[in-house]
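Subject: Structure for your files

Hello,

Here is the structure I said I would pass on. My notes on it follow below.

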Amino acid sequence: MVSQESARRGAAMAMAVMAWIVAIPLLGAATGMRTFTPMAVICWFAYTGYLPVDGWASWTAKLATAVVFTVLAVSELVADKMPRIPDRTSPGPLMARILLGGLAGGIVAASLNGSEFEGVILGVGGALVGAFGGYLIRREIVMRSGSKDWPVAVAEDLVTVGFAVLALGIVTG
């Protein structure tokens with residue numbers, strides 16, 4: 001017979017593994033799709049106390065930080081619809097996604113009392129998958145459906161927010 005304590009520890013371990021294997025790369029993938037949206041979600045979770053952050057990551061729990069990243073995220077969502085904005089896979093935007101994907105992974109890993117280095121690696125990997133995968137999927141949907149890019153971009157915005165909230169929901173239990 002399994003004791004309640006043993007079952008509770010098993011459930012906690014399963015959530016921790018899910019946070020590492022699913023949530024951090026998913027947050028990275030969301031960063032690959034939209035650079036600032038996952039950081040805005042992280043900051044709001046930290047500010048409201050749902051994501052425990054301290055030490056080097058405590059800056060994410062400040063209201064000003066959440067507001068700044070939210071303004072950046074909304075600006076990016078609007079700018080993404082403009083025809084002159086470079087592709088996310090061009091060097092500048094891709095580097096921003098890699099850096100913020102790694103930062104997001106490190107912050108979440110720190111909140112889980114885990115290795116920030118491993119969190120950075122998982123976040124960067126997710127960001128690369130999100131940037132290239134998101135670009136290819138969006139392009140393919142537009143080509144096959146014959147629709148304009150704008151409605152597909154809005155759907156991608158919603159998926160990005162959903163991924164970020166889902167990932168932080170997994171992390172915070």
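Helix α6 covers residues 149–172, and its 24 residues at 1.5 Å each should span 34 Å; the end C-alpha atoms are 34 Å apart, so the two values agree. The expected span is 1.5 Å times one less than the number of residues in the helix. Helices here are DSSP runs (H or I, at least four residues), strands are E runs of at least two, and both are numbered from the N terminus.

This is a predicted model, in which local features need pLDDT of at least 70 and side-chain atom pairs count only at pLDDT 80 or more, while totals for chains, interfaces and linings use all residues. Residues are numbered from 1 along each chain as its sequence is written, and side-chain values use heavy atoms, with hydrogens and water left out.

The buried residues of α6 include V152, A153, E156, D157, T160 and A164. Buried means under 20% relative accessible area, exposed over 50%, and partly exposed in between (1.4 Å probe, protein chains only). After α6 comes G173, with a positive phi near 80°.

One of the buried α6 residues, E156, is touched by G134, which also touches R88 and V129, residues up to four places away in sequence not being counted. Contact means heavy atoms within 4.5 Å. G134 sits in helix α5 (residues 116–145) and has a relative accessible area of 11%, so G134 counts as buried. From G134 to S145 the sequence separation is eleven residues, and the C-alpha to C-alpha distance is 16 Å.

A40 belongs to helix α2 (residues 37–47) and, at 7% relative accessibility, is buried too. Its contacts, leaving aside neighbours within four places in sequence, are F69, T70 and A73. A40 and P151 are 111 residues apart in sequence, with 23 Å between their C-alpha atoms.

For the chain as a whole, there are six helices and zero strands. A compact globule of 173 residues would have a radius of gyration near 16 Å, and the 17 Å of the chain agrees with that. The radius is taken over C-alpha atoms, and the globule rule is 2.2 Å times the number of residues to the power 0.38. The C-alpha trace spans about 60 × 40 × 25 Å along its principal axes. Of the 173 residues, 38% count as buried. Among contacts between residues at least 6 apart in sequence, 73% join residues at least 24 apart.

Regards
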